[in-house]
Amino acid sequence: MHELLAQRVQRRIRELFPDVEGVEIKIDVPPRPEMGDYSTNVAMTLAPLLKMAPREIAGKIVDGFSDRWIEKIEIAGPGFINFFISKEGWAEWFSGIFSDPEKLIPDLGKGRKVHLEFVSANPTGPLHVGHGRGAALGDTLTRLLRATGFQVLTEYYINDAGRQITKLGESVYLRYRELFGEEITLEEDHYKGEYIIEIARKIRDLYGDRFIRENDLEFFKKFAAEEILNGIKEDLDIFRVKFDSWFSERSLYDRGVVDETVEILKSKDLIYEDEGAIWFRSSLFGDEKDRVIRRSTGEPTYFLADIAYHRLKFEGGYDLIIDIWGADHHGYEPRIRAAMKALGFDEERLKILFIQLVSLIKDGRPVSMSTRAGEFVTLRDVVEEVGVDAARFFYLLRRNDSHLDFDLDLARKKSNENPVYYVQYAHARISSIFRQGEKKGLDVKPEFFPEKLGEGEIPLLKKIADFSRIIEQSVRDLSPHRIPFYLVELARQFHQYYNETRVLTENVEERKTRLALIEVVKYILREGLEIIGVEAPEKM
RNA sequence: GCGCCCGUAGCUCAACUGGAUAGAGCGCCGGACUUCGAAUCCGUAGGUUGCAGGUUCGAGUCCUGCCGGGCGCGCCA
């Protein structure tokens with residue numbers, strides 16, 4: 001509906017003012033129903049260009065603007081143009097939607113390729129609630145982009161090469177020795193969670209005391225990282241998050257990508273040696289200072305591997321590269337952008353989304369979380385507590401750049417009042433109406449008879465029409481939080497309709513028309529829930 | 001000290017990249033089931049959008065300065 005109106009207004013403006021170019025026609029939904037179904041502020045945006053009063057421009061646009069769908073046009077306030085859609089207009093529009101509901105989901109991607117990297121938690125401990133937020137956002141974006149015609153590759157970057165893996169291996173090794181009665185002392189940066197002991201136990205059960213005799217740190221590193229990564233994969237699987245690709249940092253070294261990247265930078269004269277370390281001249285590209293890429297010990301830094309990794313992404317021919325990072329990494333952005341610029345890539349293709357931290361609230365107090373200290377609540381704990389549907393909905397109900405207080409007691413206690421059930425109930429209720437009709441032996445095949453459309457159906461139609469716009473906005477801003485909000489509104493509109501209008505009436509045409517309407521509502525609920533990864537139950 | 005994010009109803013959050021009288025949920029209070037599912041609906045109350053300026057027809061949204069909270073500023077990842 002937005003789109004149709006925008007086109008007509010555009011045409012009218014071309015007729016009137018052929019010289020004006022590139023005006024974007026914005027169609028809004030006014031705050032109150034007396035102001036019409038839709039409105040545009042285009043007269044006001046044209047005013048400075050044409051050097052005319054907004055109401056005068058609006059007058060010219062409105063004068064002679066005729067359309068069989070439009071019942072009335074008004075000029076209001078400083079120069080808004082308000083459109084009132086006629087019942088016949090709504091009927092004709094809905095007729096098109098009913099015959100092909102997929103039209104509601106626009107093709108925005110047109111096959112463009114997207115690389116989306118998210119979660120990428122170090123395999124040094126289980127996923128916690130903060131990772132859950134990244135997982136929910138990344139996975140929902142994936143589903144959203146795929147639904148709107150993008151080709152998306154999702155990837156988890158496994159940091160299996162750094163110093164933290166060494167510390168992990170040592171931690172497990174110490175716990176292993178402890179199992180054989182040895183006194184051990186863990187250092188500050190060793191991992192102290194219970195899961196470390198479990199891994200040590202597993203090694204003991206499989207290999208006995210073999211590693212007491214031969215100290216094989218490499219084995220412990222590899223075993224522990226694999227073990228933890230498998231747990232992460234399971235957690236994500238339960239959380240309905242699937243990755244197309246698991247990318248190992250270590251493989252960048254094995255395949256020579258890292259060395260190659262150094263050579264490229266070297267050939268561009270962008271690295272130098274100082275105090276035994278190798279530096280990259282990132283300050284030439286907007287970073288506040290140069291950065292070390294190879295330590296004086298000869299070890300490469302994490303940053304170097306990451307440059308190599310992002311180079312591969314850019315060379316992969318993606319139109320859009322999305323990274324989802326925790327907000328505590330924001331200081332890292334100029335650095336990686338500098339590197340991409342230095343390599344001659346168009347860094348505009350890279351979008352980095354930051355997720356603000358998740359604070360966990362328990363007994364009304366924040367809980368401290370630290371992987372090293374082993375104090376955290378895992379994603380799995382939360383899912384077991386409130387369920388996947390509620391957890392995902394809860395995460396997505398907030399903009400990613402605002403802090404999230406995850407109140408465990410509230411999530412647990414009020415899980416029945418979570419808005420997710422409200423939306424799911426609307427879906428189940430619609431299914432139930434069809435079941436009920438069949439049970440009564442009624443013909444419940446939806447069919448649309450325009451003359452049977454009543455005033456009571458219009459608000460629901462308007463809400464249906466909003467879906468496309470919500471999807472567009474979510475893709476444009478890469479912020480899918482609008483979707484659960486919209487679904488709640490759609491569900492509300494439906495529940496309201498349900499309460500005042502009986503669907504299964506005696507009149508066949510009326511019944512079929514109403515069924516047509518709620519079938520489209522059901523379609524949107526199902527598609528919308530699918531995008532956010534929440535189930536749409538037939539019964540509950 | 002410098003940089004990034006956030007301050008909106010009692011609480012948790014929206015507000016269509018500058019639009020009209022700022023909206024939901026939870027909580028409080030009061031109504032609606034012999035009829036398609038009451039996990040629902042209807043109604044009441046709740047606000048100087050942290051503060052002070054600026055930009056313009058118009059600001060929760062943009063610019064400046066404060067105040068408050070969070071997070072960064074490694075040859076860590």
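This is a predicted model: local features need pLDDT of at least 70, side-chain atom pairs count only at pLDDT 80 or more; totals for chains, interfaces and linings use all residues.
1. A phosphate oxygen of RNA strand B is 2.6 Å from a side-chain N or O atom of S432, and Q436 places a polar side-chain atom 3.2 Å from a phosphate oxygen of RNA strand B.

2. Residues are numbered from 1 along each chain as its sequence is written, chains are lettered from A and ligands numbered from 1 in the order in which they are written, and side-chain values use heavy atoms, with hydrogens and water left out.

3. The surroundings of RNA strand B comprise 71 residues, the closest being R398, Y422, Y425, R429 and Q473, where a residue is near if one of its heavy atoms lies within 4 Å of the strand. Of the atoms of RNA strand B that come within 4 Å of the protein, 61% belong to sugar and phosphate.

4. Helix 17 gives the most to this surface, with eight residues; helices (H or I, at least four residues) and strands (E, at least two) are DSSP runs, numbered from the N terminus. By class, the surface near RNA strand B has 27 nonpolar, 21 polar and 23 charged residues, with Ala, Val, Leu, Ile, Met, Phe, Trp, Tyr, Cys and Pro counted as nonpolar, Asp, Glu, Lys and Arg as charged, and the others, Gly among them, as polar.

5. Chain A is divided into domain 1 (2-85) and domain 2 (419-531), with bounds from an automatic or database domain assignment. Their contact (heavy atoms within 4.5 Å) takes six residues from domain 1 and four from domain 2.

6. Between the two domains about 460 Å² is buried, carbon and sulfur atoms giving 40% of it; buried area is the accessible area (1.4 Å probe) lost on putting two parts together, summed over both. On the domain 1 side, H2, D37 and Y38 lose the most area, together 67% of what that side buries.

7. One salt bridge is found across this interface, the term requiring a side-chain nitrogen of Lys or Arg within 4 Å of a carboxyl oxygen of Asp or Glu. The side chains of K462 and D37 meet in a salt bridge at 3.2 Å, N to O.

Definitions and conventions: A polar contact is a pair of N or O atoms within 3.5 Å; within protein, one must be able to donate a hydrogen and the other to accept it, and residues adjacent in sequence count only if both atoms are side-chain atoms.
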